[in-house]
Amino acid sequence: MADPAAQFDVSAVAALANLDLTADELRLFAQQLGDVLAYAQELQQIDTTGVPPTASIGTRHGVDRPDVTQPSLDRDGALAAAPDANVDEGFFKVPRVIG
Amino acid sequence: MTRSATDACRDALARAASVNPSLNAFNTIATERAFERAAAIDADPDRWQNAPLAGIPIAVKDNICTRGLRTTASSRMLHHYVPPYDATVITRLEAAGAVIVAKTNCDEFAMGSSNENSAFGPVRNPWDVTRVPGGTSGGSAAAVAANVVPIALGSDTGGSIRQPSALCGVVGLKPTYGRVSRYGLIAHASSLDQIGPIAKRVRDVAVTMNVIAGSDAADATSAPDAVPDFATALTGDITGARIGVPRRLLEHGVDAEVSRAFFTALDVLRARGAALVDIELPHAKYAIATYYLVSTAEASANLARYDGVRYGYRASGFEVRDSLQTMYAKTRAEAFGPEVKRRIMLGTYVLSAGYYDAYYLKAQQMRTLILRDYVEAFEGAAAVDAVAMPTSPIPAFRIGERADDPLQMYLADVFTVSANLAGLPAVSVPCGFTSATLPVGLQLTGRRFDEATLLRIAEAYERDTSWWTHQPPTSA
């Protein structure tokens, strides 16, 4: 694999991550994350052909429950912590989405 | 009860107020809520007579939700967030009579190894306030070490209970993945996170586990396995217990004084009847790289929820023409600290098209190999009951010393992350001091759902040593 630091397109990743980073941050992260990725290259030394991936050490038990409505957070409670909401009408407010 | 809950609460609050200017261990001190709880317990002694934690003041890491009590994850993003619900561990602690007195400072969203990544500033180590307490549950460990509370809750994704416990000279347990409900824990890396107790004594950890362990309908990853009485497991008898020592792993990179304390601790266990067994964990040296690929991938997904819409911070100063996307990106840029941004970036990258197989899939395969090493140690010819390592390769370092080099900081987690990757329980117990009077921790990692054996060995060790009686200078 090519040098990870060189292939790390930090602006594109910031856009994917919804982070509006400054030029200084982009420069710093490109270097620091390049270091971490270079370190992670050591994993390539290990042959993992045929090794199944482990995503989680899950419980061995089923977790289904009856499909019965249960009390949960009410609307006012859900809206209470919003930075901008119309509590009377029951919605969160965000900047314009369409045209 | 020899002392009223109100008295205990008053003492803890006074102590918190007196140490906080030097330690910065608390984000919020819950004076009103604590006194109300304590008064309710004192008013009804019959009801609380047999409650295991009646009137005990407890501090809770500030990434565990408390209804009506600010919960910030030490982030600007949640600076004013007041949860509408309690985490299950809070409900259980209060049902057992505990009094929540404070929310403890931690690394932002539990990301770090030194507690320097907090929007509220770093926590300081009670043994030397120029040094870090470890992270990310640094405030919880410091609060216990400085005698503010006998018990605190932390969370552990890659060592965040054990490493600060080691660096502050207290006991900390990361339970088995699934042992304790995470409902109400602010998510960092969901396949790794666990809540667990920190205390001065192993027995207090065991009693707290009796209260918080067990399945919870609100957390689908919580396990229905039977919960033993952890306190009755503390028999002091470890005759024949087999303790695995991965010597080769410890040959490099461990501070000489840490190493000396560790091997002396093994002698104590052997003298009490344990058998020391050399084992290999051939893939453990790859655990750091594996961990930082897996955990950041999960974190980048978990932290996508912070978008300035439903709760938390929102950037201001928008024009009508600005898009929703602009609001998201500015909000996240303004409210996340540098380490959180760094990890979101890394996680986003390793999950992105073209790099997924090389990084994330590879790390998941490495995770399988790391897990198999432990299975071999526990179930193979060595047949060990626990694996012993130093909790941290180094004692508490100076604040700022490693802040500019994230990779060096990550390497501090070398002995703790594999228990998270393998979902295993692990405890850190004080095992000595360096010549500069900095605490050293012994880590024992055990079989799935066998916290009882770990706590029995740790408590037996505690019986033969007196490290827990040493008091840090800030406790005076």
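## Helix H2 of chain B

Helix H2 of chain B covers residues 31-43, and at 1.5 Å a residue its 13 residues should span 18 Å; the end C-alpha atoms are 18 Å apart, so expectation and model agree. The expected span is 1.5 Å times one less than the number of residues. Helices are DSSP runs of H or I with at least four residues, strands are runs of E with at least two, and both are numbered from the N terminus. The model is predicted: local features need pLDDT of at least 70, side-chain atom pairs count only at pLDDT 80 or more, and totals for chains, interfaces and linings use all residues. Residues are numbered from 1 along each chain as its sequence is written, and chains are lettered from A and ligands numbered from 1 in the order in which they are written.

The buried residues of H2(B) are B:Ala34, B:Arg37, B:Ala38 and B:Ile41. They lie on the same side of the helix, because they cover an arc of only 95° around its axis; the arc is that of the directions from the helix axis to the C-beta atoms. A residue is buried if 20 or more other C-beta atoms lie within 10 Å of its own, exposed if 12 or fewer, and partly exposed in between, with C-beta atoms placed from the backbone. B:Glu32 and B:Ala43, on the other side of H2(B), are exposed. The cover over the buried residues includes helix H1 (5-23), helix H3 (45-48), helix H4 (88-95) and strand S3 (99-104) of chain B.

## Chain A and its helix H3

Chain A contains four helices and two strands, arranged along the sequence as α-α-α-α-β-β. Of its 99 residues, 16% are buried.

Buried positions in H3(A) are A:Phe29, A:Leu33, A:Val36, A:Leu37 and A:Ala40. Seen down the axis, these fall within an arc of 95°, so they line one face of the helix. The face turned away from that buried side carries the exposed residues A:Ala23, A:Asp24, A:Arg27 and A:Gln31.

## Contact between the chains

The contact takes 45 residues from chain A and 58 residues from chain B. Two residues are in contact if their C-beta atoms, placed from the backbone, lie within 7 Å. On the side of chain A that touches chain B, the elements giving two or more residues are helix H2 (10-16) and H3 of chain A. H3(A) supplies the largest share of that side, seven residues.

Helix H3 (residues 23-40) of chain A meets helix H11 (residues 338-351) of chain B: their axes come within 11 Å and cross at roughly 60°. Axes are lines fitted to C-alpha atoms, for helices over the stretch in contact, and angles run from 0 to 180 degrees between N-to-C directions. H3(A) and H11(B) are therefore oblique to each other; angles under 35 degrees count as roughly parallel, over 145 as roughly antiparallel, 65 to 115 as roughly perpendicular and the rest as oblique. The crossing is right-handed, the term for a near helix turned clockwise from the far one by less than a right angle, whereas anticlockwise is left-handed. A:Phe29, A:Gln32, A:Leu33 and A:Val36 of H3(A) meet B:Arg342, B:Met345 and B:Leu346 of H11(B).

## Helix packing within chain B

Helix H9 (residues 287-302) and helix H12 (residues 356-379) of chain B pack at an angle of about 125°, with their axes 9 Å apart. That angle makes H9(B) oblique to H12(B), and their crossing is left-handed. Contributing to the contact are residues of H9(B) including B:Leu293 and B:Val294, and residues of H12(B) including B:Tyr359, B:Tyr360 and B:Ile370.

## Backbone features in loops

A cis peptide bond, with omega about 10°, joins B:Gly135 and B:Thr136. B:Thr136 is in the loop between S3 and helix H5 (138-145) of chain B.

A:Asn18, which is not glycine, has a positive phi near 55° and sits in the loop between H2 and H3 of chain A. A:Asn18 counts as buried because it has 21 C-beta neighbours inside 10 Å. B:Ala73 likewise has a positive phi near 55°; its place is in the loop between strand S2 (57-61) and H4 of chain B. With 31 C-beta neighbours inside 10 Å, B:Ala73 counts as buried.
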